[in-house]
Amino acid sequence: MASEEASLRALEGLMTEFFHSCTTNERKREIEELLNNFAQQTGAWRHCLFFLSNTRNEYVMMYSLTVFENLVNKLWIGVASQDKMEIRSCLPKLLLAQHKSVPYFIRNKLCKVIVDIGRQDWPMFYHDFFTNTLQLIQSPALAPLGLVMLKTTSEELACPREDLSVARKEELRKLLLEQVPTVLGLLTGILETYWDKHSVIASTPPPSPTSGESMELLGSLFQGSQYSKLLCQPMAALDNESHQLCCLVLECLAHLFSWIPLSTSITPTLLASIFHFARFGCDLQPKAKTDSFISSNSSSSNGQRNPGTVPPTSNGGELNGQQNEANKVDRAQLGLLAMTCVNELVSKNCVPMDFEEYLLRMFQQTFFLLQRLTRENNAHTIKSRLQELDESYLEKFTDFLRLFVSVHLRRIESSPQFPIVEFLALLFKYTFNQPTHEGYFACLDIWSVFLDFLTTKIKSRLPDRESVLNRYKDALGLLLREVLNRIQFRCNQAQLEELDDETLDDDQQTEWQRYLRQSLEVVAKVMELLPSHAFSTLFPVLQENLDVYLGLQQFIVTSGTSRRLNITAENDCRRLHCSLRDLSSLLQAVGRLAEYFIGEVFAARFSDALAVVERLVEVTCYGSQTSLYDLETVVPSVLKPDLIDVHAQALAALQAYSHWLAQFYSEVHSQNQSQFINLITSAVDASSPLITAKVPEKLLLSACHLMVSITSTVRPVFLVTLPAVQNIFNLITTENQTRRLPQEAHMLVCRALSNMLLLPWPNLPESDQQWQTRSSNHASLLAALTREYRILRGTVNITSRQPGLNDIKTVIQQTLPVLRDIVDSVSSESTKSRQICYQSLQESVQVSLSHFPVFIQQPDVTDEMLAFFLTLFQALRVQMGVAFTGQIIHTFLSMFTREQLAASILHEGSAGCRVVQKFLKILQVVVQEPGQAFKPFLPSILSLCMEQVYPVVAERSSPDIKAEMFELLYQILHQNWRYFFKTSVLTSVQRGDSEDTMENEAQFTAAMQAFGQSFLQADIHIFKQNLCYLESLNSKHKLYHRKLFRTSMLFHFINVLLQVLLHKSHDLLQEEITLAIYNMASVDFDAFYSAFMPEFLNGCHGVDSSQRAVLARNFKLEQDLPSFTQSVQRLVNDLRYYRLCNSSLPTGTIKL
């Protein structure tokens, strides 16, 4: 006894020293080693039992419990049965004796250890484990402890970790499900008892929520429903102890609902009780921080703030006020937990027939709460009401609405007992009174889901389209109007000014851009359902703001060379700022709706679209003619960006209608030719003056993009003859470095000019395309664009110290991206367009090829050159011809020596690495080319891949290069299968697959080994990619059935994939790996079961022969995928479990 006392004092000293701020890391490591050595001693648990019973030191308690936890979870199988019995007896007694005096986290840890024992031994060796928990719950004094035990049991037994066999997991779930009705009955009883006990029945009851308008809206929900009366009862006033207990009950229910199936065990009475407590969250309460409460009383803490202490009481007014405040926070927490329970139930998509009535009842009860939340009275507006509620409760409630609409609306919508339109009215009030932006975003998402549901429903029931739409027309109209109001400063300035328009989020958009985008998505979805109504709502608002913008011309004052906007009053400037911001947003809205005027509805909505396009053309011309972006203003930091933004958005909106203009051109321009020509001419006239380096870049790029869309999508014949277009030609072909446009704008303009000359004109036969003239014009254009580049042809022997090197690099890096962009823009066009393009480019291509060896040591230049060649190969390889393409490939293969490749690859993320990637991409294009032209290069490409690139990347991560290299290997195998397997389809049908005629076997084997090796490495992306490649080769070429693969590789691959599952290194790909194993095994199931499985199990270390026999017996000899998948999962789980058990046996244990 004395020695145990001494050990305890020594342990307390060590623990205190370990956690002392002055203790060094070295000393901490020494103490840690001492503690670990002690814990590993046989019988250490006896000392820990003594420590737990005799110490008040929290560190010692936690350490002792950790020793027990390790014993139960890792060493239990090797503990003597007498010792197990003693532990099962002592720990619950300890818990009963000390649960009120120890901190809650110690109590929870002790509960978990006891539950862990139950997980191993209940019911066979620990038959009263669950009964004890139920008895605790039924004892008023010990109910909180019983509830903590119940919640821990639910957490640890319903979804146990992998340290149990599958059979045991299934047994535990079955045992727990048998107990569910009893448990739910007990929990329902507690909630009912405490509600009834604490319900306030005052002599003058408070105003009933059913009075007046509050019950009007959803009246039809509750006619004849006893639950309406229950929900209208006065609220219970819970004392602190009752509150704690009800919180624990709701936490237990929330976890139980996360795994038990929906069934009649979840009774109407239980649901009603949960909703009683959900009402607590609807109560008004001043804002208060709930952190301290939640941190100790949330689901992770399982219980009291400070068990064993009674809150102080006082008659002092201030303290009473603080207690009331805490009470309100506590009540909100009850509401939050109750809504968590509701959401767990609603999130289940699988609803049995006999539960659908309960589901309807749940929605009725929740919408009663929604009605309470959105009720107005004299004291509070809806917004101020929601503002004063707990934020977390509101989030939970919004989650409920989202789950209801996304998962269950299709079930409930047609029910005569559910008034969907009234629900939408409540949702509308709830959405547009949200106190936070995040809350509003979440509600907009709910509306988006509803609109998608409605669109799908209408498409599937076209005959009922009008009746369905009429039902929702008013609701959708209100939604549209309100969303449009919310994006306008004149209606919502205070809130919109709070939005950040500078910081970019992960999606590269600001908070304001996200707000606008989400709002416009809702507008667009309403437009799809109600096009005429939406247009007539939006267009007048746009017109109103346009009138302000178009009226600015009268306020422009010119003096000398400066032009000034003569609006100086602060109030006028503020109003102008708001109007310009709104105009910018509405222009984006109009652009977003462009898709709803084209296709089948073009003719029906022609006049509306024409009105929009005419207005947009007018606005863009006005902006360019008056050069509003160039004006001096009183507040330049605000108004100047506004004017630029409106002009840019007008151009972008007009660009969005380019598909409409193309349809106009092809369908009706013959009747309205002058109208169409005027629109296009004006649009070009609006863009042309902006294409200069003096214009702000945002505006310049918008003008360039509009030009690209007109030339690529609309393609008018007369475009090239317009004076404005001639001006742009002159600007681009004569520009020098001082007048040069920024690179992105320069590329876009060059693409637009090239498109004009290369792309076929619509509605015209081949004979009228004027290819001859256009070809010579295109050659002149490219000659001008590449003038400086072609002069470099004579440059040789470049050295890094050469004086003009940087200038040469600049010319290359400015010219090649432009050429690449021009080639890319014709990649999907007609042969004639690509032919002309290549003719114009020919000299530049020759220059590039001759320079490639010169710049091989300059990776940044090589990168640019290879990017150009890659685009050429992808778009113009036919036009380049076999001979020249072969010359290019030969040059590349000779330049990329093993040393060159190794040097590039070793610098991951460098320009050299990117060069190798692009080179491999070019080879991918080459090997995919049909026909025999490039087949002679296959041996060299395979050799480069397997002998030069693969050895360098095999043992390194090099993810980017590996991805490209394996894709190249896959393409070689897939596109050139007969390079390895000569057998024709007919032969394989006649003689079977057993007589494959193999060629180049060594290279095929090396490729397969490379794939196999990649499955042993950590990179999950390469693993997934390569697994897909193997599966693809199997589905297209029967890879797994080929004799060579089947006889010498199949079992190796299955073994590797099973080992990956066992090591859990690529758990995200479990399904894909299991499917691949199935496909490989299905080649010959008999061989898999009779040869592979015994061999695999015999090779498994860490298990004995009887365990191997069990594993073999449990792997059912099924040949369907679901059963096979289940067997693989069971094998992996149980093999890991056996290894864990065996590793925890004491040394010298004799296995029977």
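Trainee: Which residues form a nonpolar patch on the surface?

Mentor: In this predicted model, V634, V635 and V638 form such a patch, and together they have about 190 Å² of accessible area.

Trainee: Where does V635 lie, and is V635 buried or partly exposed?

Mentor: V635 is found in the loop between helix 27 (606-626) and helix 28 (636-656). Its relative accessible area is 33%, so V635 counts as partly exposed, a class that runs between the limits of 20% and 50%.

Trainee: What describes two packed helices?

Mentor: The description consists of the angle between the axes and the distance between them. Here, helix 40 (residues 898-906) packs with helix 42 (residues 938-953) at an angle of about 35°, and their axes are 9 Å apart.

Trainee: Which residues make the contact between helix 40 and helix 42?

Mentor: Helix 40 contributes R898, L901, A902, I905 and L906. From helix 42 come L944, E947, Q948, V949, P951, V952 and V953.

Trainee: Is the crossing of helix 40 and helix 42 left-handed or right-handed?

Mentor: The crossing of these two helices is right-handed.

Technical notes: Residues numbered from 1 in each chain as written. Predicted model: local features only at pLDDT ≥ 70, side-chain atom pairs only at ≥ 80, totals over all residues. Heavy atoms only, no water. Patch = residues over 30% accessible without salt bridge, like charges linked within 9 Å, V, L, I, M, F, W, Y side chains within 5 Å. Areas by Shrake-Rupley, 256 points an atom, 1.4 Å probe, with all protein chains shown as cover. Salt bridge = Lys/Arg side-chain N within 4 Å of Asp/Glu carboxyl O. Helix = DSSP H or I, 4+ residues; strand = E, 2+ residues; numbered from the N terminus. Buried < 20%, exposed > 50% of the residue type's maximum accessible area, 1.4 Å probe, protein only. Axes fitted to C-alpha atoms, helices over the stretch in contact; angles between N-to-C directions. Left-handed = near helix turned anticlockwise from the far one by under 90°. Contact = heavy atoms within 4.5 Å.
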